[in-house]
Amino acid sequence: MPLEIERRFLVSKTRVGPQNLAVRTDFIVQTYLLNETVDVTERVRRSTDGYTNVYTHTLKVPVSPGVSDETELIISPEEYGALLKRADPRLNDIHKTRYTFEWEGLTWELDRFQGPLNGLWILEIELEDLHTHVGVPPFITVAKEITGDRLYSNRALSECQAPPL
């Protein structure tokens, strides 16, 4: 499985970025599945840019804080529907709008959560090395870094009835 290395930040404030900043907007519904394998998180995701739906099936195994073994496959709408039958009834679907943009040569993802997590914003960046120094874009105010904080994992957030601000 390929490694996913990411740094994550709890955002307290965001402002409009530079006018020439190209931003891709996707609307995401993420559902966690029942899985009997210890330490494996399994989910499906429907992502749409408003025109095209993309369905993915993901398996994640934590390696260390900020690092996971991750396998993510694009699946058909039919496979997505079949996998949804294994949705964990104890967990809420995650609904979020993802804004993806380039800043100083790096790709950033800013997630704005809806539903029970309304008001929560998380900024993520995937890196080749967890200890790479990154300068957070100046139009985003970070409350704190949450890399490796399980309270803010999407899986843990699916248990929440309100955002852990």
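A cavity is a set of grid points where a 1.4 Å probe fits but cannot get out. In this predicted model, a search of the whole structure finds one cavity of 30 Å³ or more. About 50 Å³ of space lies in this largest cavity. The second largest pocket holds about 210 Å³.

**Largest cavity**
- Its lining runs through Asn92, Asp93, Ile94 and His95, then Gln114, Gly115, Pro116 and Leu117, and finally Leu157, Ser158 and Cys160.
- By class, the lining of the largest cavity has five nonpolar, five polar and one charged residue.

**Second largest pocket**
- Thr14, Arg15, Val16, Gly17, Pro18, Leu21 and Val23 are among the lining residues.
- Tyr99, Phe101, Leu110, Trp121 and Phe139 also line the second largest pocket.
- The lining divides into nine nonpolar, two polar and one charged residue.

**Aromatic pairs**
- The count of aromatic pairs comes to four.
- One of them joins Tyr99 and Trp121, with ring centres 6.3 Å apart and planes at 15 degrees, so the pair is stacked.
- That pair links distant parts of the chain: Tyr99 belongs to strand 6 (residues 94–103), Trp121 to strand 8 (residues 121–126), and 22 residues separate them.
- Tyr99 has a relative accessible area of 22% and is therefore partly exposed.
- Phe101 and Phe139 make a tilted pair, 5.7 Å centre to centre with 50 degrees between the planes.
- This pair also bridges distant parts of the chain, 38 residues apart: Phe101 sits in strand 6, and Phe139 in the loop between strand 8 and strand 9 (140–145).
- Phe101 is buried because its relative accessible area is 4%, under the 20% cut-off.
- Phe139 counts as buried too, at 8% relative accessibility.
- Ring pairs tie Phe101, Trp103 and Phe139 into a cluster.

**Leu10**
- Leu10 lies in strand 1 (residues 3–14).
- Its relative accessibility is 7%, so Leu10 counts as buried.
- Beyond residues up to four places away in sequence, Leu10 touches Leu120, Trp121, Thr141, Val142, Ala143, Lys144, Ile146 and Tyr152.
- One of these contacts, Trp121, is the ring stacked with Tyr99 and also lines the second largest pocket.

Terms used: Residues numbered from 1 in each chain as written. Predicted model: local features only at pLDDT ≥ 70, side-chain atom pairs only at ≥ 80, totals over all residues. Heavy atoms only, no water. 1 Å grid on protein atoms, 1.4 Å probe; cavity = no way out; pocket = protein on both sides within 12 Å on 5 of 7 lines; lining within 4 Å. Points joined across faces, edges and corners; volume = space filled by probe spheres on them. Nonpolar A, V, L, I, M, F, W, Y, C, P; charged D, E, K, R; others polar. Helix = DSSP H or I, 4+ residues; strand = E, 2+ residues; numbered from the N terminus. Buried < 20%, exposed > 50% of the residue type's maximum accessible area, 1.4 Å probe, protein only. Contact = heavy atoms within 4.5 Å. Phe/Tyr/Trp six-rings, centres within 6.5 Å; stacked < 30°, edge-to-face > 60°.
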